[in-house]
Amino acid sequence: MPPPSAEDMLEEQRVFADVIRTFNNYAQYSLAANNRRRKDVYLLPKADQDLLNTLGYKQKLDDVDKAILANADFLSEIVSDTKIFGVEMEEEVEGRDLEHAHGGAHSHSHDAGSSHSSHSHSHSHSHGPHGRASTKQEGKSRPTEFDMDKLRSTMKQLVRDWSEEGLPEREAAYQPMKDALDKHFSHIPQAERIQLKVLVPGSGLGRLAYDVAKMGYTCRGNEFSHYMLLTSYFVLNKTTEIKSHTFYPYVHSFSNAPNKESILQAISIPDVSPSDLPPGSDFSLVAGDFEEIFGDPEGAEDGEWDAVMTCFFIDTAKNIVNYLRILHRILAPGGVWINLGPLLWHWENNNTNDLSVELDLEEVKALARSVGFEISNETTIPTTYTNNAKSMLGYVYNASFWTATKIANPA
Ligand SMILES: C[S@@+](CC[C@H](N)C(=O)[O-])C[C@H]1O[C@@H](n2cnc3c(N)ncnc32)[C@H](O)[C@@H]1O
């Protein structure tokens, strides 16, 4: 893989600085949004204000302010040590080396975009890597709503991966994938599992990859979103105590709230101690773009992986043909591809002129067969994604599940 150009490195550093700036501007931005509610109350006739007061509405706004400030403290801890990423946060980033820039396959232990995010009104999703669909290209501008949405989604993603409240989602999505992995390798004794290499592309905040490593396999996650990478690094490397961090992921929207408790719900993470992987475990995350790292034309990754597990990932493809070809190429003979997810094409209707091929499920499966997979265990699994169980609104995906084995060379 050719090294990234100086221009690419600079762009990467700017993107990273923008992400840090988003974390740092969270309190100001979110308090201003809550203050808009407060100001609107003052615009009402006095009698209406008094009525709202009797409901405790103003008190709720004050409580939300407090929760936002607590979130800000938590978020600032996440970005308090960015040296591992080659950037120190208060400093200018121009001219600095960003360690895992641009699919450089820089791997550090225990690391991890956040799309499929549940938004307040529409169920839209963030496009593309690093928030580039926003208008700014240069650093130093103020975070946009798009950036803040990614940060808020990251908080909800923390619920999915690392809280007790996320258990139902993990049971629905990760458990069948883990079961399928064990079933495929049931002939391999437990002690020899460490020799089996499992890749989890688009690993998000890293829980599935962590669980697979805990099951005894050698497991590597791959992720390119700085929001995910910073946050998973924090959980996996800086957190030792169960429930040592508390935050309030649902204070940003008042829509579809049955009561104030649902808005002010406190979430504590983690539900397990990330550092208690058994001795001898092999777990790592590699930062960078899946296609850039694993689509290496030199073939460095070809046949390297005994299993690839894609959870809510294949629809992040601009060109699904390339994704499936890569998945096929990097699998070892006898290897298995385990997939679960919907087809929420992340690049559909993008405003950045990026190409996007949006197949239906039958087409995806036919394509997989054409590139050399034999698909089995096909089923549909209803599951949510970063769902607030206490909300009046919930989206259920009829996620498609399958396991696939490599039977031939790609077409
Ligand atoms: C919908 S999320 C799923 C995350 C995780 N698998 C889960 O189930 O919670 C898709 C993830 O893939 C990541 N992603 C998207 N395109 C990617 C790419 N080309 N290379 C690496 N990661 C990518 C996003 O940043 C995001 O974290």
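Helix α5 passes α8 in a right-handed crossing, and the axes of the two helices, which come within 10 Å, cross at roughly 35°. The structure described here is a predicted model. Packed helix pairs are described by the angle between their axes and by the distance between those axes. On the α5 side, the contact is made by Asp147, Lys150, Leu151, Thr154, Gln157, Leu158 and Trp162, which meet Tyr227, Met228, Thr231, Val235 and Leu236 of α8. By residue class, this contact of α5 with α8 divides into seven nonpolar, three polar and two charged residues.

Side chains of opposite charge can pair when their charged atoms come close, and a search of the whole structure finds 23 salt bridges. One of them is formed by glutamate 164 and lysine 243, whose closest N and O atoms are 3.1 Å apart. Because glutamate 164 lies in the loop between α5 (145-162) and α6 (167-184), while lysine 243 lies in the loop between α8 (226-238) and β4 (245-247), the pair ties together parts that are 79 residues apart in sequence. Glutamate 164 is partly exposed, with a relative accessible area of 47%, and lysine 243 is likewise partly exposed, with a value of 40%.

A further salt bridge joins the side chains of aspartate 211 and lysine 178, at 2.9 Å from N to O. Aspartate 211 belongs to helix α7 (residues 207-214) and lysine 178 to helix α6, so this pair ties together parts that are 33 residues apart in sequence. Both aspartate 211 and lysine 178 are buried. These two residues also take part in a network of salt bridges, in which Arg170, Lys178, Arg207, Asp211 and Asp271 are linked.

In the salt bridge between glutamate 378 and lysine 365, the side chains meet at 2.7 Å, N to O. The pair links distant parts of the chain, with glutamate 378 in strand β9 (residues 373-383) and lysine 365 in helix α12 (residues 361-370), 13 residues apart. The two partners fall into separate accessibility classes: glutamate 378 is partly exposed, with a relative accessible area of 39%, whereas lysine 365, at 14% relative accessibility, counts as buried because the cut-off for that class is under 20%.

A cis peptide bond, with omega of about -10°, joins isoleucine 269 and proline 270, and proline 270 is placed in the loop between β5 (267-269) and β6 (282-287).

Positive phi values are found at asparagine 377 and at threonine 386, neither of which is a glycine. Asparagine 377, with phi of about 50°, is located in strand β9, the strand that also holds glutamate 378, and at 43% relative accessibility asparagine 377 counts as partly exposed. Threonine 386, for which phi is near 50°, is instead placed in the loop between β9 and β10 (397-406), and with a relative accessible area of 5% threonine 386 is buried.

Conventions. Residues are numbered from 1 along each chain as its sequence is written. This is a predicted model: local features need pLDDT of at least 70, side-chain atom pairs count only at pLDDT 80 or more; totals for chains, interfaces and linings use all residues. Side-chain values use heavy atoms; hydrogens and water are left out. A salt bridge is a side-chain nitrogen of Lys or Arg within 4 Å of a carboxyl oxygen of Asp or Glu. Helices (H or I, at least four residues) and strands (E, at least two) are DSSP runs, numbered from the N terminus. Buried means under 20% relative accessible area, exposed over 50%, partly exposed in between (1.4 Å probe, protein chains only). Axes are lines fitted to C-alpha atoms, for helices over the stretch in contact, and angles run from 0 to 180 degrees between N-to-C directions. A crossing is left-handed if the near helix is turned anticlockwise from the far one by less than a right angle, and right-handed if clockwise. Contact means heavy atoms within 4.5 Å. Ala, Val, Leu, Ile, Met, Phe, Trp, Tyr, Cys and Pro count as nonpolar, Asp, Glu, Lys and Arg as charged, and the others, Gly among them, as polar.
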